[in-house]
Amino acid sequence: MSQFKDRVALVTGAGRGIGRAIAEAFAAQGASVAANDITPVNLDETVTRITRAGGTVKDYVADISLKMPVQVMVEQILDDWGHIDFLINNAGVEPHAPLLDLDEWDWRRTLDVNLTGPFLTIQSVGRVMREQGGGVIVNIASIAGRAHGLKDRVAYVASKTGLIGLTREAARELAAFNIRVNAVCPGVIETEMTAALRQDQAMMTKWLQDIPQGRLGLPADVVGLVFFLCSDTAAYLTGQAINVDGGKVMC
């Protein structure tokens with residue numbers, strides 16, 4: 001398969017979970033993958049897996065919540081590949097604490113990574129896409145940013161709600177440059193981020209009762225929607241936030 005042959009995809013937070021799955025899938029479809037993460041050891045594992053499978057990938061260790069590291073990373077990608085066709089904003093953090101107990105540092109760090117990070121990458125990569133005549137941006141948000149809140153996750157919910165708003169406004173402004181921007185809103189996905197909670201049988205029972213399809217999502221479920229949004233089939237689709245949650249939130 002070579003759906004994205006000769007294309008370059010920048011995937012943030014590619015060191016594990018959904019980000020790693022997206023990076024591996026893009027490589028399997030012929031894309032050159034610029035894999036970003038802040039944790040080198042996780043990123044090394046992603047690069048090793050893609051390389052062993054015969055894919056094309058380079059690692060870019062950078063904190064996407066800071067302007068200069070983002071700019072340096074984008075410039076390095078252009079030096080290495082010459083263009084950026086897809087930006088997948090996946091990097092995220094999710095501190096667990098009640099509103100009245102949440103540490104200010106955790107609040108700020110969550111907004112920095114989950115919202116400021118996508119703003120900075122969209123701004124930097126968007127300028128590249130404008131010059132090259134177009135591109136596609138997909139932000140990995142959450143159903144927590146829509147009609148479904150999460151107990152003890154106030155910073156995460158606020159950041160993902162903001163990310164959906166950023167998606168709409170970026171789509172509105174960048175449409176003139178042939179740049180499409182959409183958001184994917186996963187429900188509960190079987191990743192490292194949810195591993196501890198999945199050990200709680202009462203939590204699992206509650207989750208499954210609320211999901212019409214009766215199962216948790218897999219990273220592959222998210223990958224399928226990301227691929228659709230990046231494909232020419234979705235050429236008339238921009239500014240949307242689409243749930244992939246087994247029917248948990250219907251709107």
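Buried is used in these legends for a residue with under 20% relative accessible area and exposed for one with over 50%, partly exposed being in between (1.4 Å probe, protein chains only). The model is predicted, so that local features need pLDDT of at least 70 and side-chain atom pairs count only at pLDDT 80 or more, whereas totals for chains, interfaces and linings use all residues. Residues are numbered from 1 along each chain as its sequence is written, and side-chain values use heavy atoms, with hydrogens and water left out.

**View 1. Seven strands form an open, parallel sheet.** The strand order is β3-β2-β1-β4-β5-β6-β7, where strands (E, at least two residues) and helices (H or I, at least four) are DSSP runs numbered from the N terminus, and two strands pair if DSSP finds at least two bridges between them. Strands β3 (56-61) and β7 (241-244) are the edges, each pairing on one side only. On average, neighbouring strands are turned by 20° against each other, direction ignored; axes here are lines fitted to C-alpha atoms, for helices over the stretch in contact, and angles run from 0 to 180 degrees between N-to-C directions. Six bridges join β2 (residues 32-37) to β3 in the parallel sense, and Asp37 stands opposite Val61 in β3.

**View 2. Asp63 and Arg109 form a salt bridge.** A salt bridge is a side-chain nitrogen of Lys or Arg within 4 Å of a carboxyl oxygen of Asp or Glu, and the closest N and O atoms of this pair are 3.3 Å apart. Because Asp63 lies in the loop between β3 and α3 while Arg109 belongs to helix α4 (residues 104-132), the pair ties together parts that are 46 residues apart in sequence. Asp63 is buried at 18% relative accessibility, whereas Arg109 is partly exposed at 21%.

**View 3. Arg215 and Asp221 form a salt bridge.** Their closest N and O atoms are 3.0 Å apart; Arg215 is partly exposed at 38% relative accessibility, and Asp221 is partly exposed at 25%.
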